[in-house]
Amino acid sequence: MSLRFHWMMPKGGEVGMKTAQETSRVATTKASSPAALPDMEGWETFARCAEEAGIEGVLLSFSRYEPDTIFVACAVGQATTKLKFIVAYRLGLMQPPTFVQQINTLSGLIAGRVSLNIVAGSSAIEQRGYGDFLDHDERYARAEEFLSVCHAFWANKDEVNFAGKYCRIEKGKIFTPFQAPDRSEPEIYVSGHSEQAQHLAMTQASCYLRLIDTPEKLRPVVKRFRDNGVEVCLRLCVICRPTMDEAVGAVQALLPAEEIEKQERKILSSSDSQTLKDALSAADNVGWKNRNLYAGLVPFYGSSAITLVGTPRDLAQAFLEYKEIGVTQFIIAGWPKLEEMMIFGREVLPLVREAEEDSYAKAQRRKA
Amino acid sequence: MTLKFHWMLPKGNEVALDGRQTPREAARYRIESMQSTSAAVRPDIVGWTHFARHAEAAGIDSVLISFSRYEPDPFVVACALGQAVDKLKFIIAYRSGLMQPTTFVQQMNTVSALVQGRVSFNIVAGSSSEEQRGYGDYLSHDERYARAEEFLAVCNAFWRANGDVDYEGKYYRVEQAKLATPFIGTAPAIYVSGHSEQSEQLAHSQGSCWLRVAESPAKLKPIVARTRERGLGVCLRCCLLCRPTRAEALKAVESLLPEDTHENTTTLKDDSQMYREGHELKSDSYWPEPWLWTGLVPHYGPVWTTMIGTPQELAGAFLEYERIGVSEFILSGWPEVETVDLFGREILPLINRS
């Protein structure tokens, strides 16, 4: 199987931004941020470039600071033909049959190009604004029930009956089916580092999504999931330049003002998410996790800013090492998003595909 | 103020692109759309876009996109169709109790931004207790209205927001809520539908327009006056059947009657005042006005109430409603495309001239 590469969808207004500093999360949470509004022009440009670059899907992030992901996927999906949309959604915001009805409708409108990234929520304050007062562990218990109900609807055998602690459904039926050329239900990515998140991914997901770490650290985790038939997808950033010196120089140029660091640290340290806590401690304790993997940007750009830094060959090599240990997918971001994605499509992806073809040919020869 | 005319969005795959569909075929398609084998369960952007262009040309303001477990989600449909046409507006029917109000507002605001503000909504409390339980909703009729009251109060707080939204009710609790994506426009119009006392109260306290099924002007007059005095609009829902002569119109009506005189598609709608009234209709009251016919209501429910006549007669009827204070209509016909064309060509000019 070839590695599958996805990219983070830029936030509203981000495609037009020239520097990384403008795109920091702290800037996104400001009332004046253009991220609050849909940016069809920027998104369509980005989506077409992603299709050209060989990117399979884009991840649309969910928060109170941004437009609702289901409709962004619907609108951008009308303007594209190949790109898939990995729609992030938090559970606990609507009844599972309603969620299934919306996702199924969306699938019928964009030829099945929709997957889900289920998130339990990382900020208790933000959750309470959505009317959700459960704590971290209970949110996962609810998510387990929620996804069980969704799966029952997608299995679409008969009526759905479910009596759990958080969801109760009687003779549930949603007539609009999930429509895709090759599936009867969406791929489901479950993300998070906590034990509960891993359990949820193992029982309910098609793919476990987590932050990148060194191959040595990830090997046992990845194996456990693959042995259970669940794929593993890594979330990371990339900085790719012709030489390592230039790449490191590009990292240095990303460091924003001190004030941003202070505010981002506050977001990270006050969260009840295991993922966010892990990322901050990696940044503070290690910095460079190995020759190419840098955690030092986390205090400025958030937990997902752990970055592969290097030349096209370094990066292709790194992706293949992750493939070696069983990773199958990546969701990548860069600064600025569009330019870094074009570099990736032009310089890195062909090297990965070449190596994959070589090893496929070798395997065929051995068989013969 | 001029009358506003809206239309029902046809069901998925209802629109015959070649225009070959008899009134009876169109009616049967809608009647049978509640079966899982119906093509109406799938979105139909091609047919909808075709209809939407005709509706725009006919002078229609908005389309109402209905909500049920039998059809695609109206929010998502509005978003997709809004990308394909640029004048038509969308009234999204939604039941409260299916999602948190904060999420509902985020979805509504997002869609408004993606369709340049061309969106409003019709809140429905639900009419079938079985269908509601399938959505995880176990409240009774009256409780559903009490919850809808809270739901809309939270929504309205977001749309009026100066700062964070805090709310503590029996059904909803929201703390320090804020949403960055604003509604494009001031705030969406809120249509509250139903015939019960609770629905009237809800319309008055939280809505901008009360939506109900057409009845004789004499009967509606005091009800409409009460609502208009409160500064709300009144919108009537009905079907339209128009022919050059009355005899032709009556003949077309005949073709819509079911072969099975006991046919009834509303048995599941056990928890609605409006549907209860429909069941109680006696055959000697099928013609409350010479141009208003309820003969299909016992079979298919109150929204099949039909205005019948020549363009002149129907224009007169709309003007009679206008005189008692009705401000908007949501119409439909068999087939939808031909009827909306006819309405725009033959009836609307007569109304505008008066």
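Residues are numbered from 1 along each chain as its sequence is written, and chains are lettered from A, and ligands numbered from 1, in the order in which they are written. Since the model is predicted, local features need pLDDT of at least 70 and side-chain atom pairs count only at pLDDT 80 or more, while totals for chains, interfaces and linings use all residues.

Within chain B, helix α4 (residues 101-114) packs on helix α6 (residues 141-159) at an angle of about 50°, and the two axes are 9 Å apart. That angle makes α4(B) oblique to α6(B); angles under 35 degrees count as roughly parallel, over 145 as roughly antiparallel, 65 to 115 as roughly perpendicular, and the rest as oblique. Axes are lines fitted to C-alpha atoms, for helices over the stretch in contact, with angles running from 0 to 180 degrees between N-to-C directions. On the α4(B) side, B:Pro101, B:Phe104 and B:Val105 meet B:Phe151, B:Val154, B:Cys155 and B:Phe158 of α6(B); contact requires C-beta atoms, placed from the backbone, to lie within 7 Å.

Between the chains, the contact takes 42 residues from chain B and 42 residues from chain A. On the side of chain B that touches chain A, α3, α4, α5 (129-134) and β6 (173-177) each supply at least two residues, and the largest share, eight residues, comes from α4(B). Helix α3 (residues 74-84) of chain B packs against helix α4 (residues 96-109) of chain A, with an angle of about 30° and axes 8 Å apart. These two helices are therefore roughly parallel to each other, and their crossing is right-handed. A:Gln102, A:Thr105, A:Leu106 and A:Leu109 of α4(A) meet B:Phe75, B:Val76, B:Val77 and B:Ala80 of α3(B).

Some backbone details also stand out. Most residues other than glycine have a negative phi, and most peptide bonds are trans. B:Gln116, in the loop between α4 and β4 (119-124) of chain B, has a positive phi near 55°. With 13 other C-beta atoms within 10 Å, B:Gln116 is partly exposed (20 or more would be buried, 12 or fewer exposed, and in between partly exposed, with C-beta atoms placed from the backbone). B:Gln176, in strand β6 of chain B, also has a positive phi, of about 45°, and is exposed, with 12 other C-beta atoms within 10 Å.

Definitions and conventions
Helices (H or I, at least four residues) and strands (E, at least two) are DSSP runs, numbered from the N terminus. Two residues are in contact if their C-beta atoms, placed from the backbone, lie within 7 Å. A crossing is left-handed if the near helix is turned anticlockwise from the far one by less than a right angle, and right-handed if clockwise.
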